[in-house]
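The points proceed from the overall chain to individual contacts.

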Amino acid sequence: MITKLSHTTIYVTDQAKAYDFYVKKLGFRVHTDATMPNGFRWLTVTPPEQPELEIALLTPLDGGMQFDEEAKKAFKVLLDKGALGAGVFNTPDCRATYEELKSKGVVFKSEPKEQFYGIEAVITDGVGNWFSMTQPKEGAAG
Amino acid sequence: MQIPPDVYRKIIYAKKFIDEHFQESINLNAISRKACISRFHFHRLFTQVYNKTPHQYLTLKRIDYATDLLKNDEVSVQEICYRVGFESLGSFSTLFKKKIGHAPRNFRNRAWFRKEQSRLQPLSQIPHCFIERFQVQH
């Protein structure tokens with residue numbers, strides 16, 4: 001029986017920029033930041049109220065990850081386009097968080113809008129990914 | 001209840017005020033004054049927006065900063081208690097343990113151990129499937 005998700009990966013173009021976005025702008029906590037002798041940096045962060053979920057911010061383009069050239073090219077195309085939709089972040093108030101993050105320079109693909117499941121804005125991390133930022137409707141899943 | 005945009009801005013401003021001044025001796029009166037909203041309404045609106053009372057949020061900021069200092073600094077627990085905005089070591093320790101699950105000294109020891117382990121055996125921090133899949137030890 002599987003009970004929970006403990007680790008997941010977000011592939012990014014640049015780990016230093018990803019650190020800046022997830023830790024300094026979104027307020028995630030650094031769980032582990034360790035660099036291996038071959039340059040591979042294991043950087044994991046946790047959402048502020050979900051300390052048991054480690055999100056590994058990894059770059060497939062360099063830094064010691066052993067992808068072949070074809071795979072690296074494919075990753076680069078997708079990340080450069082910001083095409084990877086990596087998940088849904090929850091917030092208690094989408095509009096307030098939108099205003100706050102915008103004032104910190106975070107770029108949004110769309111402003112907060114009412115959806116049947118809550119209020120949603122679409123946020124970009126600037127290192128290859130976009131997310132839904134959702135204030136779930138009371139009683140809705142999420 | 002929908003909050004008008006100008007009130008939103010005031011609540012966000014107040015949260016930013018907490019973020020920037022949590023180390024000082026601030027309380028609900030000072031924070032609500034910054035937002036230019038009566039204490040009662042400010043408390044209600046802040047709680048509605050952030051799912052936490054202003055006091056809970058302030059405490060959270062202080063405890064979070066304390067974890068950073070305990071992980072990285074050599075200053076005493078008592079000094080950290082004052083530096084993050086608490087006035088009593090007893091209430092700091094109690095709240096810290098309640099929120100983090102360990103007393104401040106215990107938390108510091110565990111953080112030091114993890115850091116040492118990470119330095120001496122960096123691969124021990126990574127699930128083995130990642131090491132194998134990405135051949136990170138080579």
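1. Helices here are DSSP runs of H or I with at least four residues, strands are runs of E with at least two, and both are numbered from the N terminus. Counted in this way, chain A contains three helices and eight strands. Their order from the N terminus is β-α-β-β-β-α-β-α-β-β-β. It should be kept in mind throughout that the model is predicted.

2. As to overall dimensions, the C-alpha trace of chain A spans about 45 × 35 × 30 Å along its principal axes. Chain A is as compact as a globular protein of 142 residues, because its radius of gyration, 16 Å, is close to the 14 Å that the globule rule gives for that length.

3. Two further values describe the interior of chain A. Of its 142 residues, 29% are buried. Among contacts in chain A with a separation of 6 or more, 49% are between residues 24 or more positions apart.

4. Chain A has an open sheet of four strands, arranged in the order β5-β8-β7-β6 with mixed pairing. Strands β5 (84–90) and β6 (108–115) of chain A form the edges, each pairing on one side only. On average, neighbouring strands of this sheet are turned by 15° against each other, direction ignored.

5. How does helix α3 of chain A, residues 94–103, cross helix α1 of chain B, residues 5–21? The two axes come within 10 Å and cross at roughly 65°, and the crossing of α3(A) and α1(B) is right-handed. On the α3(A) side, the contact is made by A:Arg95, A:Ala96, A:Glu99 and A:Glu100; on the α1(B) side, by B:Tyr8, B:Arg9, B:Ile11 and B:Ile12. By class, this contact of α3(A) with α1(B) has four nonpolar and four charged residues, and no polar ones.

How values were computed
Residues numbered from 1 in each chain as written. Chains lettered and ligands numbered in written order. Predicted model: local features only at pLDDT ≥ 70, side-chain atom pairs only at ≥ 80, totals over all residues. Axes fitted to C-alpha atoms, helices over the stretch in contact; angles between N-to-C directions. Left-handed = near helix turned anticlockwise from the far one by under 90°. Contact = placed C-beta atoms within 7 Å. Nonpolar A, V, L, I, M, F, W, Y, C, P; charged D, E, K, R; others polar. Pairing = 2+ DSSP bridges. Rg over C-alpha atoms; globule rule 2.2 N^0.38 Å. Buried ≥ 20, exposed ≤ 12 C-beta atoms within 10 Å, placed from the backbone.
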